[in-house]
Amino acid sequence: MTHVCVYVLNQECAFDFYTNKLGFKVKMDVPMGAGARWLTVTPPEQPELEITLFPVTIGQKFNVETVKSMTELIRKGTFGPGVFTCKDIYATYEELKSKGVEFMKPPTKEFYGTEALFKDDSGNWFSLAQLV
Amino acid sequence: MIAEQYPKIYLYKRIVQAKLFIDNNHADKIDLDNISDEAYFSKFHFIRLFKTIYGKTPHQYLTAVRIEKAIQLLGANKPVTEACFSVGFDSVSSFSGLFKRIVGVSPSTYLAEQQQMKAQISKTPLAFVPSCFAFQHGWT
């Protein structure tokens, strides 16, 4: 897979979170007119995976009701889009925490490795893992 | 509970702070000896721990950060000399050599490629968006 989509509530805030807090790199930032942006970021050591920061706004796919429902679901943490792995979870955890990333679970040993849980600025949950 | 699973927390905190110091001050003259002093480690111990965690010595990491920032500046259409001095290099030739070794092309080639891509993006933005996403946005 080369592209995945993370629905975000505010694309500008998500841009700041994913680049300045998580340290991701901007891959594509294409102005599409009327303030819209095609924005993708990549994990620092996985440049081939583009994560689309897709704003939940009214458009072809989302009508007013859908935007309202999606916003509510994302904000309350319904979605867990994926797992990020890292080489040293304790160092990554300390760094992200010091940058203000909210963790719901500190690094904890599991059968498959060590895992922590954090959420992005919209409310999407992610696992942060160091595999065995 | 956490303390049991996380026995070296004080070590991590110090090394992470040193890494963040490099991130935030990469454009300045950084004395890596001072960083190890501030982290309360001997220089040797500091370098060994830093490399264990980040896979690079502090000096290698500082160089990587500077090159990464230069990539961002060139991507924002800044001239090569400005990118070089803004990220903390003293010499354009050593910057260019390091840049080429790490990125694979010279800074001027990278800048030209970025300018070319941006021109193409402004001409045909939709060509850069996969159709499934363009359709969701109503960009057709």
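Ala34(A) sits in the loop between strand 2 (25-33) and strand 3 (36-42) of chain A, where strands (E, at least two residues) and helices (H or I, at least four) are DSSP runs numbered from the N terminus. This is a predicted model, in which local features need pLDDT of at least 70 and side-chain atom pairs count only at pLDDT 80 or more, while totals for chains, interfaces and linings use all residues. Residues are numbered from 1 along each chain as its sequence is written, and chains are lettered from A and ligands numbered from 1 in the order in which they are written.

Most residues other than glycine have a negative phi.

Asn77(B) belongs to the loop between helix 5 (58-75) and helix 6 (80-86) of chain B, and with 10 other C-beta atoms within 10 Å it is exposed.

The domain assignment of chain B, whose bounds come from an automatic or database source, gives domain 1 (1-55) and domain 2 (70-140). The C-alpha centres of these domains of chain B lie 31 Å apart.

Helix 2 of chain B (residues 9-25) has 17 residues and reaches 24 Å from its first C-alpha to its last, close to the expected 24 Å, the expected span being 1.5 Å times one less than the number of residues. Its buried residues are Tyr12(B), Ile15(B), Val16(B), Ala18(B), Lys19(B) and Ile22(B). These residues lie on the same side of helix 2 of chain B because they cover an arc of only 155° around the axis, the arc being that of the directions from the helix axis to the C-beta atoms. The face turned away from this buried side carries the exposed residues Tyr10(B) and Asn24(B).

Helix 4 of chain B (residues 43-54), with 12 residues, reaches 16 Å from its first C-alpha to its last, close to the 16 Å expected. Here Phe46(B), Leu49(B), Phe50(B) and Tyr54(B) are buried, and since they fall within an arc of 110° when seen down the axis, they line one face of helix 4 of chain B. After this helix comes Gly55(B), whose phi is positive, near 75°.

Key
A residue is buried if 20 or more other C-beta atoms lie within 10 Å of its own, exposed if 12 or fewer, and partly exposed in between; C-beta atoms are placed from the backbone.
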